[in-house]
Amino acid sequence: MGEIEPQNNRFYLSRKLILIVSLFILIASVLVVLTNFSLNMIAATSDYTALLSKWSQLHYRSEITIQQYARTKSDSTYHNFLQMKREMDRLRQPIDELFQDEVDADLVFESLRPDHIYPNEISTLIFVFSWFNDLQIVGEIRQEWQQLHRIETAQSVLLNSLHRKRETGAPGQNIVDQYVSEATPLYSRWNTHHERLMGKVETASLAIKRIGLWISVILGILLVLIGIVISVRASKSVGRWEQSLHEKEILLSEIHHRVKNNLAAISGLLELEAMQNKNPGQALKESRDRIHSMAIIHEILYQSQSFSKIRLDHYIEELADHICKTYTGNAMNVELTYDLEKVTLNINQAVPAGLILNELLVNAIEYGFRETAQGMLTIHLDESEGKVRLLLQDNGKGQSTKFDPKKAETAGFAIVETLVRQLDGRLRIKQSKAPTVELEFSKSEASGSSNRYL
């Protein structure tokens with residue numbers, strides 16, 4: 001029914017709003033995670049560059065230590081070199097592992113723990129090498145790194161040879177000269193490949209940083225745009241929700257107003273019946289039919305999409321069918337013929353028009369067909385230039401040509417005369433071979449009570 005729709009709409013808007021907010025939170029969470037990953041990727045490339053720089057610095061320091069050892073023959077200097085060599089091996093181990101097809105993550109984490117690199121950055125570093133391992137630039141970095149490792153191994157072999165010769169007591173200057181002649185080309189090659197390695201690492205690092213930066217920027221823009229879109233959608237949903245609540249409040253107020261008006265109308269109808277001093281059973285029957293004619297209006301109204309307008313042609317058909325079934329019985333056969341145009345009325349005009357039609361139909365069946373078992377009722381409805389015209393024609397006996405509704409003593413015609421005044425309309429009765437009652441009134445959109453004259 002009509003009064004339930006706002007509640008369902010309210011629940012739908014609430015669920016939709018919750019869905020929109022939940023979707024925004026989900027998307028925002030994903031974008032935050034991806035943005036954090038891109039930032040970690042930038043940090044990881046910086047960590048890798050710093051790791052190579054630290055290894056390179058240790059190598060340069062080890063070269064200076066070797067030269068000091070060659071001049072001084074000091075065992076402590078040689079032990080310093082061995083200590084640096086162990087630190088270089090520790091740094092080289094995770095770098096070598098990163099170039100493997102299947103990286104041992106535990107080994108990398110354990111090796112880099114003393115360097116105070118964050119675990120999330122180490123994880124990202126492993127991911128970057130796994131993801132970009134097939135790129136040409138990564139392959140070139142691997143080749144340069146392996147070349148440096150081979151040169152470093154040759155340097156270590158040469159230094160160990162120098163150390164053994166010194167321990168055997170061979171002439172010192174000859175050993176030094178031989179070592180210098182063999183080590184100098186190695187140092188030169190090491191410097192060349194080291195410069196190439198750092199250049200390629202810088203190029204790759206710059207590319208990865210750009211990728212991470214663009215990912216962060218794009219994701220940030222997407223997050224802002226999605227936030228704006230969802231905020232607008234949520235604002236519209238809240239607006240529709242508030243509008244629905246407002247409509248519900250108006251509808252509830254209108255329902256209370258209509259109930260009050262209908263009760264007042266029923267009270268007025270019963271009061272008119274009581275003033276006639278007629279048969280109580282007949283009075284109750286007629287009052288029941290009048291109330292039912294009002295109920296039909298509200299039933300049609302609540303089944304429609306409008307809460308203030310009604311299709312008068314649909315209402316006439318339903319009301320006429322009900323009246324005929326109620327008053328004709330098995331002994332009388334009344335045929336109904338409709339000639340109805342599409343007419344829409346405000347409920348404040350539909351209620352009095354329906355009550356008038358109810359009285360006219362009851363009067364036609366009870367009095368017009370009193371002396372015959374067969375009858376025909378024709379109902380015509382049209383609208384022209386803002387005026388509504390309703391004609392009721394029958395082939396029964398009809399009323400006297402001198403009949404005047406204003407002077408009638410029955411409650412039915414008293415009600416008709418009152419309701420015609422309420423509609424600011426005109427009622428004409430044409431007595432002829434086919435008696436006709438014509439009701440004409442101007443269409444109005446005015447709101448207010450539908451029983452102000454009862």
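1. Leu213, Trp214, Val217, Ile218, Ile221, Leu222, Val224, Leu225, Ile228 and Val232 make up a nonpolar surface patch whose accessible area totals about 930 Å². A patch consists of residues with over 30% relative accessible area and no salt bridge; nonpolar side chains (Val, Leu, Ile, Met, Phe, Trp, Tyr) are joined within 5 Å, and like charges within 9 Å. A salt bridge requires a side-chain nitrogen of Lys or Arg within 4 Å of a carboxyl oxygen of Asp or Glu. Areas are from the Shrake-Rupley method with a 1.4 Å probe, and for residues only the protein chains shown count as cover.

2. The model is predicted: local features need pLDDT of at least 70, side-chain atom pairs count only at pLDDT 80 or more, and totals for chains, interfaces and linings use all residues. Residues are numbered from 1 along each chain as its sequence is written, and side-chain values use heavy atoms, with hydrogens and water left out.

3. Leu225, one of the patch residues, belongs to helix 6 (residues 172–276). Its relative accessible area of 46% makes Leu225 partly exposed, a class that lies between buried (under 20%) and exposed (over 50%), judged with a 1.4 Å probe and protein chains only.

4. The protein contains ten helices and seven strands. These are DSSP runs numbered from the N terminus, with at least four residues for helices (H or I) and at least two for strands (E). Of its 454 residues, 42% are buried. Among contacts between residues at least 6 apart in sequence, 76% join residues at least 24 apart; a contact means heavy atoms within 4.5 Å.

5. Five strands form an open sheet of mixed pairing in the order 2-4-5-7-6. Strand 2 (333–340) and strand 6 (426–430) are at the edges with a single partner strand each, so one side of each lacks a neighbour in the sheet. Neighbouring strands are turned against each other by 15 degrees on average, direction ignored. Pairing requires at least two bridges found by DSSP between two strands.

6. Strand 7 (residues 436–442) pairs with strand 6 in the antiparallel sense over five bridges, and seven bridges join strand 7 to strand 5, also antiparallel. Glu438 in strand 7 stands opposite Leu391 and is also the bridge partner of Arg428. Lys430 is placed opposite Thr436 in strand 7. Six of the seven residues of strand 7 are buried, so this strand is largely enclosed by the rest of the structure.

7. Helix 9 (residues 347–368) lies across strand 4, strand 5 and strand 7, running at about 175 degrees to strand 7. Axes are lines fitted to C-alpha atoms, for helices over the stretch in contact, and angles run from 0 to 180 degrees between N-to-C directions.

8. Glu385, in the loop between strand 4 and strand 5, has a positive phi of about 50 degrees although it is not a glycine, and is exposed at 83% relative accessibility. Asp424, in the loop between helix 10 (411–422) and strand 6, has a positive phi near 55 degrees and is likewise not a glycine; Asp424 is exposed, with a relative accessible area of 62%.
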